Amino acid sequence: MSVKVGIIMGSQSDWSTMKEAAEILDELGVEYEAKIVSAHRTPDRLWSYGKTAVERGLHVIIAGAGGAAHLPGMMASKTRVPVIGVPVQTRALSGVDSLYSIVQMPKGFPVATMAIGAAGAANAGLMAAGILAVSDAELAKRLDDWREKLSASIKEEPEDE
């Protein structure tokens, strides 16, 4: 199996959110790499990562960032590989700043933007798997099974907790 998904984040502190995407990909048997690639602090790393994504075999990049959240958009400007943006929750504005930064991309540089925080990261993992499943029947089956298991786990009637 080759690595087809890149999970990138602006800082180490983003990993607690972005590991949700990694855990989903692990459950589905999708190989990925996880890297810290800061749009502001490591711009050369960002440029290199984006410019080499296609030749390294990446098919999807999940990019998580908080605050100014330039990472997903800057990555989209450096590669044709689809980029899924995850707004990381922040203390100052609870991640709304991150969401606005990622979702407001100019024409020509699309970023599929997920929800703020852990749910968004998990959904990014599912979105990446769905993109890959279009051309991978075995992964499509694993994704279908995962969704069926989720549906089966929902009780029909509420219970007191």
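Biologist: How many salt bridges does a search of the whole structure find?

Modeller: Searching the whole structure gives three salt bridges, a salt bridge being a side-chain nitrogen of Lys or Arg within 4 Å of a carboxyl oxygen of Asp or Glu. Please keep in mind that this is a predicted model, in which local features need pLDDT of at least 70 and side-chain atom pairs count only at pLDDT 80 or more, while totals for chains, interfaces and linings use all residues. Residues are numbered from 1 along each chain as its sequence is written, and side-chain values use heavy atoms, with hydrogens and water left out.

One of the bridges joins the side chains of arginine 56 and glutamate 33, with 2.9 Å from N to O. Because arginine 56 lies in the loop between α2 (43-52) and β3 (60-65) while glutamate 33 belongs to strand β2 (residues 32-36), this pair ties together parts that are 23 residues apart in sequence; helices (H or I, at least four residues) and strands (E, at least two) are DSSP runs, numbered from the N terminus. Glutamate 33 is buried at a relative accessible area of 16%, whereas arginine 56, at 35%, is partly exposed; buried means under 20% relative accessible area, exposed over 50%, and partly exposed in between (1.4 Å probe, protein chains only).

Another bridge links lysine 141 with aspartate 145, whose closest N and O atoms are 2.7 Å apart. These two residues are four apart in helix α6 (residues 137-152), so about one helical turn separates lysine 141 from aspartate 145, and aspartate 145 is partly exposed, with a relative accessible area of 34%. The side chains of glutamate 159 and lysine 155 also meet in a salt bridge, at 3.3 Å from N to O, and both glutamate 159 and lysine 155 are exposed.

The buried residues of α5 include Gly120, Ala124, Leu126 and Leu132. Helix α5 (residues 118-133) has 16 residues and reaches 22 Å from its first C-alpha to its last, close to the 22 Å expected at 1.5 Å a residue, the expected span being 1.5 Å times one less than the number of residues.
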